[in-house]
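This report concerns a single protein chain. Please consult the sequence and the model shown here while reading.

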Amino acid sequence: MKKKTWFANWIGRIIAVLLVMNIFISLQAYAAVTRVRRSVTVQNTAGEVTAGQVSVEQPKELRGVWFSYIDWSEMPSDKEAFKQRADQVMADIKNRGMNAVFCHVHSHSDSYGQKLKSFPLSQFMVTKTSAPDFDPFEYMLESAHKQGLSFHAWVNPYRVTNSMMRDIPDGSIVKQWMADPSKQRNVLLHEGNYYLNPSSEEVRNYLVNSIREICQNYAVDGIQFDDYFYPSLNNNDPAKSFDKPEYDASGSNIGITQWRRNNVSMLVKDVYKAVHEIRPQAVFGISPVALLSNLRSDRSYFVDIDTWMASNEYIDYIMPQLYHGFEAKTKTGILAPHAYINCLNSWIDLKRKSNSNVKLHIGLGLYRTGKDIKDGNAVSEWLRYNDILLRQVKAARETGEVSGFGIFAYQNFREAPAILELNNLQTAFTNQ
């Protein structure tokens, strides 16, 4: 009887240990996929400490959508209606299986937050007149966090004007520079649009401080630049030479192409440092154009992608805009260099060859869905399928190198063809 009792106790102890181990393993698995809320403090530009919420640890697979200045312009101007719509937007994003939003904060050397003083409030910030004390950026951030969404502040670093933004607001630092003969070259006019001068140290420091201001005043989970770096230039044409006078005056002993790449890289490196100093849990990423040959060009962008990918000092993630379909062809009928698989493979190769710790995310072009995109086919691929993005996600995941996706853009969510594409994509996102 004692032997049976001893044996039963021994078996019971083993079962108890196994149960504890199972619970421990389950908790680990739960933690790996569950967002953890934790309070943090953020020091604003006045030196005051304000309470903030970091909604998440950075998700294992980033699945976000871009919310652009066009989306901002379509929001209600009434404060309460704005808040209601913001809540609907964030719930919509979450219900689609996404876990992040990339929201414009500085789109044209302007801003969308009341606590941001580096640039004037944007003309696309619809509440600035109707509710001047309301901070729509802050509410968008809070609403995203309530839904468990990671919030990345999206910045176009050098752009001042484009076809939708012609007037530079009075009081803007851009106008101040333009009016000061000693600082006029901080702002460059190129083919009808104004840009901040990437070669100016004053401009670079100002831009870095504008990022500091975001991180100090708002509990963002990330900062993101997209592809607005240098425009297309021609050093032999004075009207298109952009910052060549600064290069000539610099006495640099390196070529102008590398000099321009260095200008961009100095900004990127300083922003990376500022973000991690102020918000160590946040990430800094860049979303460039898809073709590596364009990034390596000596005529535009001047993005030193090889250095960035091989280093731990520039970016946490790269999200190239692989917006073309699988079947994009050249005029001769062969698969184009910019076709999805070709571009995807080029980025996978770069990441592997540089032994990079930079996370590779992929930007996908929802805006093309259902449209007659000229892609070298008799009938555009985007008219023939409604599961292109789904298949693109699956192909990227199969590489084992891609850890996130960005969907461009939220303004297309309401288009009928895009809804079909989103429904298919949702099966991959919600089952993950």
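## Basis and overall fold

The model is a predicted one, in which local features need pLDDT of at least 70, side-chain atom pairs count only at pLDDT 80 or more, and totals for chains, interfaces and linings use all residues. Residues are numbered from 1 along each chain as its sequence is written, and side-chain values use heavy atoms, with hydrogens and water left out.

The chain contains 14 helices and twelve strands; helices (H or I, at least four residues) and strands (E, at least two) are DSSP runs numbered from the N terminus. Of its 432 residues, 52% are buried, where buried means under 20% relative accessible area, exposed over 50%, and partly exposed in between (1.4 Å probe, protein chains only). A contact is defined by heavy atoms within 4.5 Å. Among contacts between residues at least 6 apart in sequence, 73% join residues at least 24 apart.

## The barrel

Eight strands close into a barrel with parallel pairing, in the order E3-E4-E5-E8-E9-E10-E11-E12. Two strands count as paired if DSSP finds at least two bridges between them. E8 and E9 are parallel partners with four bridges, and Gly222 is placed opposite Val283 in E9. E9 is also joined in parallel to strand E10 (residues 317–318) by two bridges; here Ile286 faces Ile318 in E10. Five bridges link strand E11 (residues 359–365) with E12, again in the parallel sense, and Ile362 stands opposite Phe405 in E12.

Strand E9 (residues 283–286) is covered on both faces. Val283 and Gly285 are buried on one side, and Phe284 and Ile286 are buried on the other.

## Helix H4

Helix H4 (residues 136–146) is largely enclosed by the rest of the structure, because eight of its eleven residues are buried. The buried residues are Pro136, Phe137, Tyr139, Met140, Leu141, Ser143, Ala144 and His145.

Gly148, which follows H4, has a positive phi near 80 degrees.

## Backbone exceptions

Most residues other than glycine have a negative phi, and most peptide bonds are trans. Glu191, which is not a glycine, has a positive phi of about 50 degrees. Glu191 lies in the loop between strand E6 (187–190) and strand E7 (193–196) and counts as exposed because its relative accessibility is 54%. Phe242 also has a positive phi, near 60 degrees, and is located in the loop between strand E8 (222–225) and helix H7 (244–250). With a relative accessibility of 7%, Phe242 counts as buried.

The peptide bond between Phe408 and Ala409 is cis, with omega about 5 degrees. Ala409 belongs to the loop between strand E12 (402–408) and helix H14 (416–430).

## Two buried polar residues

Asn197 is situated in the loop between E7 and H6 and is buried, at a relative accessible area of 1%. Its side chain makes a polar contact of 2.8 Å with the side chain of Ser199. A polar contact is a pair of N or O atoms within 3.5 Å; within protein, one must be able to donate a hydrogen and the other to accept it, and residues adjacent in sequence count only if both atoms are side-chain atoms. Apart from neighbours within four places in sequence, Asn197 contacts Arg185, Asn186, Leu188, Val203, Asp243 and Glu246.

Ser210 is part of helix H6 (residues 201–217) and counts as buried at 1% relative accessibility. Excluding residues up to four places away in sequence, Ser210 touches His106, Ser118 and Phe119.

## The second largest pocket

The second largest pocket has a volume of about 370 Å³. Of the 22 residues lining this pocket, the closest to its centre are Asp227, Tyr228, Gln321, Tyr323 and Phe408. On a 1 Å grid over the protein atoms alone, a pocket is an open set of points where a 1.4 Å probe fits, with protein on both sides within 12 Å along at least five of seven lines; lining residues have an atom within 4 Å of a point. Grid points are joined across faces, edges and corners, and a volume is the space filled by probe spheres set on the points.

The lining comprises eleven nonpolar, eight polar and three charged residues. In this scheme Ala, Val, Leu, Ile, Met, Phe, Trp, Tyr, Cys and Pro are nonpolar, Asp, Glu, Lys and Arg are charged, and the others, Gly among them, are polar.
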